[in-house]
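Please work through the exercises below with the model open beside you, and try each task before reading its solution.

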Amino acid sequence: MSAARLRILPISATLLALASSPCWAAGKLLVDLSEEEIAITTGFTGTELLLFGAKEERGDVVVVLSGPARDAVVRRRERVAGVWVNGASVVFRGVPVYYRVASNRPLKEIAPPEILSANGITEGTLDLAGTTDVPAAQRVPFQDGLIRNRTRQGLYGYDPSGVAIQGDLLFRTTATFPANVPTGPYSVNVYLFDRGKLAAHRESTLVVRKVGLGADVFNFAHRQSTLYGVIAIVVAVFAGWLAGVVFRR
Amino acid sequence: MQIYLPIAEVSVNVALLLGLGGGVGFLSGLFGVGGGFLMTPLLIFIGIPPAVAVATEANQVVAASVSGALAHWRRRNVDVKMGLVLLAGGFVGSSLGVWLFTVLRGIGQIDFAISVAYVVFLGIIGMLMVVESVRAWQRQRNPAAPRRRLHQHYWVHGLPLKMRFRTSKLYISALLPFAIGLFVGVLAAIMGVGGGFVLVPAMIYLLGMPTSIVVGTSLFQIVFVTANVTLLQAINNQTVDIVLALFLLIGGVIGAQIGARASGRLRGEQLRILLGLIVLAVCVRVAWGLVATPEDMFALGVPGGRE
């Protein structure tokens, strides 16, 4: 926490410097992230990202973090002869794998829903109508199932008090990334609303990637899978042989 | 300490992995079984994706079987000709099994197939172990009871393509060991096991091989079949997690040695009943996963089966 405060101090210094210069008038919003890259290392158990910034006087802040879009298939569990199997499925094309929204107060108090949705902000309930051909009546339960599963995994979420505003000037929020966070480019959108109208918008990006030995193993397994398989066998044979030699006496 | 497994893409506790490897290794050393049929469901219970658990366990069984296979080879307890016929079937079966695995994964039914295979086989084996051990125990206390004959003649001895297996002192159709190898190969691919629990009784009761060379010959076949499964799973599904396999291996090797030493001091039949009960307990746990109402009526997958 103290590190976070230390990082904010230079921002407020920058802000003071900018406040006197003409360019500040155009940009009502300044944003920075504690990291621009989330590295999934061998010891990775999930992480928290601090997002902080400064805004001009009053207004509400909404932060939307969105992960890379991938296809997702949702399967309904069906009971057949007493056991549960995967039954009917719906494929959603290009759905963000991570989607978290945070604001300083409930969204409905900040702006009307039309304005929010025009800016791609929803209360964690993504509208996936455009991502599949399945008619709405059939789609909705699968869509809800997708959102529910991802919320349980910590990949989707909405926190109506996740943004803390200090002195109507500084704000910050923390975003959590679980251990199973998908890799790829993430977008970070920060919106400033003033009396229900969009006053400013800042977008930046964030990358989640695997690094170190784990990344090497993963890439090797996917790019040269035959050689990887051979090495897996050689390692196993050697380990088994070694164990036999060591413990024979 | 937590470790992020690169292929399974989950974070697990290192001590837990070593403990699992050690515990299952202890049991396998104690009872002289492979342990794959216990390890795979346990890995699934701790949150490893089933497809990764199966493929990785096949890799670990290679290591677990090599030292035993080498020891039996040195003592000339391997019927190489019989082993090669079993292996031919095993290669066909395991290749078929990995293909089936890939197809099932693509249509989102692999987890179900793995669970069903485990419930069926753990159920049968657990029951047989308990029943057989209880009988043997009673026989010990009452030596007058009749003993089972070792070698009988069935319809299978009339099949064509007869071959002479000198080491096993058998003259039987090659189709039978080939078929057994094939069946065990399919199991190895889908369940991530060596298949010794099917192979050993099949060799004794169906083929009529002498007990002294059964274990060596089955280990010989298991090493090559699980190696084939490892390779094909790595190529088709990219589900072999070397890091996970290594941790299980370290625990497993140590556990197996302790188990092998302990087995000399403990009473055999009661132990077999205990193993049978452990197998049945795992079976019930897997079965519960199939019949219990799921937490969520919808489950996620990824198109094409890449999870």
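**Exercise 1. Find the strand pairing that links the two chains.**

In this predicted model, which residue of strand 5 of chain B is the bridge partner of A:Arg76? Begin at A:Arg76 and go across to strand 5 of chain B, where the bridge partner is B:Phe298.

**Exercise 2. Describe the side of chain B that touches chain A.**

Start with the extent of the contact, in which 45 residues of chain B meet 47 residues of chain A. Then ask which elements of chain B each supply at least two residues to this side. They are strand 1 (2-4), helix 3 (50-74), helix 8, helix 9 (242-263), helix 10 (268-291) and strand 5 (298-301) of chain B. Helix 3 of chain B gives the largest share, 10 residues.

**Exercise 3. Locate the largest nonpolar core.**

How many residues does the largest nonpolar core have, and which have the most contacts inside it? The core has 154 residues, and those with the most contacts inside it are A:Val62, A:Val63, B:Leu122, B:Ala188, B:Met191 and B:Val223. The largest share of this core, 14 residues, is supplied by helix 8 of chain B. Because domain 1 (2-210) and domain 2 (211-249) of chain A both give residues to this core, it lies between them. To follow one of the listed residues, take B:Leu122, which, leaving aside residues up to four places away in sequence, touches B:Phe37, B:Val279, B:Val282, B:Cys283 and B:Val286.

**Exercise 4. Characterise the contact between the domains of chain A.**

Six residues of domain 1 of chain A are in contact with six residues of domain 2 of chain A. On the domain 1 side, the elements that give two or more residues are strand 2 (37-40) and strand 12 (197-210) of chain A. Sorting the residues of that side gives two nonpolar, two polar and two charged.

Methods. Residues numbered from 1 in each chain as written. Chains lettered and ligands numbered in written order. Predicted model: local features only at pLDDT ≥ 70, side-chain atom pairs only at ≥ 80, totals over all residues. Core = buried A, V, L, I, M, F, W, Y, C linked by C-beta atoms within 7 Å. Buried ≥ 20, exposed ≤ 12 C-beta atoms within 10 Å, placed from the backbone. Helix = DSSP H or I, 4+ residues; strand = E, 2+ residues; numbered from the N terminus. Domains from an automatic or database assignment. Contact = placed C-beta atoms within 7 Å. Pairing = 2+ DSSP bridges. Nonpolar A, V, L, I, M, F, W, Y, C, P; charged D, E, K, R; others polar.
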